[in-house]
Amino acid sequence: MAGVAGGGGVGGSNDFQWCFSQVKGAIDEDVAEADIISTVEFNYSGDLLATGDKGGRVVIFQREQESKSRPYSRGEYNVYSTFQSHEPEFDYLKSLEIEEKINKIRWLPQQNAAHFLLSTNDKTIKLWKISERDKRAEGYNLKDEDGRLRDPFRITALRVPILKPMDLMVEASPRRIFANAHTYHINSISVNSDHETYLSADDLRINLWHLEITDRSFNIVDIKPANMEELTEVITAAEFHPHHCNVFVYSSSKGTIRLCDMRSSALCDRHSKFFEEPEDPSSRSFFSEIISSISDVKFSHSGRYMMTRDYLSVKVWDLNMENRPVETYQVHEYLRSKLCSLYENDCIFDKFECCWNGSDSAIMTGSYNNFFRMFDRNTRRDVTLEASRESSKPRAVLKPRKVCTGGKRKKDEISVDSLDFNKKILHTAWHPMENIIAVAATNNLYIFQDKIN
Amino acid sequence: MLRGRRRMESTLDAQSLISISLRKIHSSRTQRGGIKLHKNLLVSYVLRNARQLYLSERYAELYRRQQQHYPDGAPLLAMPACPPPPAPPELPVLPLPADTQDREVRSCAAVRGGAELLEGPVCAAPPELQRAPCRDSSPGFYRAAGSAGPGGGGGGGSSAAPGLLYAAGCDFGTGGVPHCSSRTTVLDLDTHVVTTVENGYLHQDCCSQCPCCCQPVAGLASPPPAPGTKRKYYPGQEEEEEGVEEGEPGGGGVAGGPPFAPCTKRARFEEYSAEHPQDSSNISNLISIFGSGFTGLVSRQQADSEQPLNGQLCGKQALASLGAWTRAIVAF
């Protein structure tokens, strides 16, 4: 049963609460830039959890099978594989350094024993195969056990090699490299429901790839103006519809979302639907354009809704209604009066992501001070929780947090001015079926689960 | 009185936002991973908003002073005879103190009038020295924002564009006819070609000498103007080979013509900024040096193009003139 924690749960029951499960990552205060987590993604079954970091590494955690001796505690996530996905590169032609930071990871649906995922940095997408090896062949005829070749003349008899078990080894190998298709920085990748194609989006273009073909991609959206001086908006995120393989959406820095149908034309510069909420003129400020820029867009699992995240709010849109969202949730409205300082310290450019739970009844997104927020769409309850080492005792229940926006600060409340803006939660993920969430707090990955009474 | 103080505060806020924004754009050039188009676009919006507020306040102030001194009518601030253009799309409705519905129209007029007042001496410079600045010599840079085409009306912010971010060279030409053309120079990151575009934009930079300041913006309804001159991009000593892809290796924009004083000034700016990369308090001065290098100093010391750049000398004037800011942005 999916729901939201807090004083009251779903359907009036008070049972639902979030508990600390695990935390991954170093404890030191001194965080190396390369260790900062830049993306988090569960696979389709939820058994695998992948993280990418600024150093170009991918770490995959696997959920242990539930143990019969502890039926009330779910399986833990342990490291399954670690590999270097991207390295820093230098584009000599343009004298540009290409960061190795992993911008996005997307899993492919599993089709055989191996697992496949796409990982991307600013310029290059790679398809990685993660496979297990737990057997080893022994008894070769032409070589020794240590691999040295035998002298063929010394072989007097032939034998059939046999497979012997060995310690499990997980290997990650790059199977495809999709490069040189993006002039601008890639911000999104999305696997299509046909499991054969995927899209990659940069600031001005979206390309369609076939997973098997690396030397060609189709450009399906190009918003680059003939005259760069006429540029007014960029693409910020893109995603395929979960069921309709011809439909995708992309969001813009102007707070608009365009839904495109690849069957209507080869080049989807003209949208099929255009989602925009009219701006409230009374709230206009120097920073109106910045805070309306959409940082993430995600379809619901049902495919009927989509959710967008801008700097201060999360909005849920019905695909059938273009003129306004059906739901709007304020994430941290108390920051509206602080926009000037947030602009100065660059926090206003932070790109928060958002995610749905498996049943689309709840949504989650991050905030500052290692806070993250959950909204229950049915009960309209919301809760603020914190990912911190202090509340990291096994199965400790997370206490809801509250930010004091003015007036007298109550006990346990935090005032806006005490918020730590260096501790930001930009990346969160929700298990596709269960109430397990992964929250990336700088260089640490927190895993929380629901507690069943 | 209180209104005046609030106005002053918002002007100061606008000023600090402008310098902060310019600093961000400047530092983005050296950031790892290359210039982020999205971030720079957003910064340019803030810059535009702050600048518009600052300027509209400034010109409103000037207008008020004029009214005080010349209650019977101000010959200095004569509005041009031609009909005012439609509100440029780049002026969104900003919540200015004591704003009224017709504020936008009023500030447009004030801006034009004010520009005439301020740009008068500047535009008296010899025409051949009024050039769009040459490209910044930072490889791989491209300008993050540009103006929209003539969008419909000035209502709302969403269709507005950072339209003032282009270089405005008041190009008189020898015949004194069609001037007030603006030139923009952009580097296309895809093709690596530097393009100088001329178009008949209305720009507040136009000086009092040009009666055709008020060319209707509708003139721009056509698709983007023909690229005009294209020239290869020469960062420092290197040669960019990529430009040949476009077929036009050079449109003759570089060679020939009057001495390219702007390039000299730009080289100095580069040195200056390299020496003081973190000196944020001097950002205004840097910008004013840059701006003045092309018009301010030229007007004062026309014969002496080697005048050492003096930030203090040009600071106030540059702040007041639109051209300095726009040229600074384009340079970045």
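Two strands count as paired if DSSP finds at least two bridges between them. Keep that in mind while looking at this model, which is predicted.

Select residues 197-201 of chain A, strand S13, together with residues 205-210 of chain A, strand S14. How many bridges join strand S13 of chain A to strand S14 of chain A? Five bridges join them, and the two strands run antiparallel. Now pick out Ser200(A); opposite this residue, in S14(A), stands Asn207(A).

Four strands of chain A form an open sheet, and their order is S12-S13-S14-S15. The pairing in the sheet is antiparallel. Which strands stand at the edges? Select 188-191 for strand S12 and 213-222 for strand S15, both in chain A. Each of these has a single partner strand, so one side of S12 and one side of S15 have no neighbour in the sheet. Turn the view along the sheet: on average, neighbouring strands are turned by 25° against each other, direction ignored.

Now move to chain B and colour by secondary structure. Chain B has seven helices and three strands. Starting at the N terminus, the elements of chain B follow the order α-α-α-β-β-β-α-α-α-α.

Show the surface of chain B. Chain B has 332 residues, of which 55% count as buried. Finally, look at contacts in chain B between residues at least 6 apart in sequence: 72% of these join residues at least 24 apart.

Conventions:
Residues are numbered from 1 along each chain as its sequence is written. Chains are lettered from A and ligands numbered from 1 in the order in which they are written. This is a predicted model: local features need pLDDT of at least 70, side-chain atom pairs count only at pLDDT 80 or more; totals for chains, interfaces and linings use all residues. Side-chain values use heavy atoms; hydrogens and water are left out. Buried means under 20% relative accessible area, exposed over 50%, partly exposed in between (1.4 Å probe, protein chains only). Contact means heavy atoms within 4.5 Å. Axes are lines fitted to C-alpha atoms, for helices over the stretch in contact, and angles run from 0 to 180 degrees between N-to-C directions.
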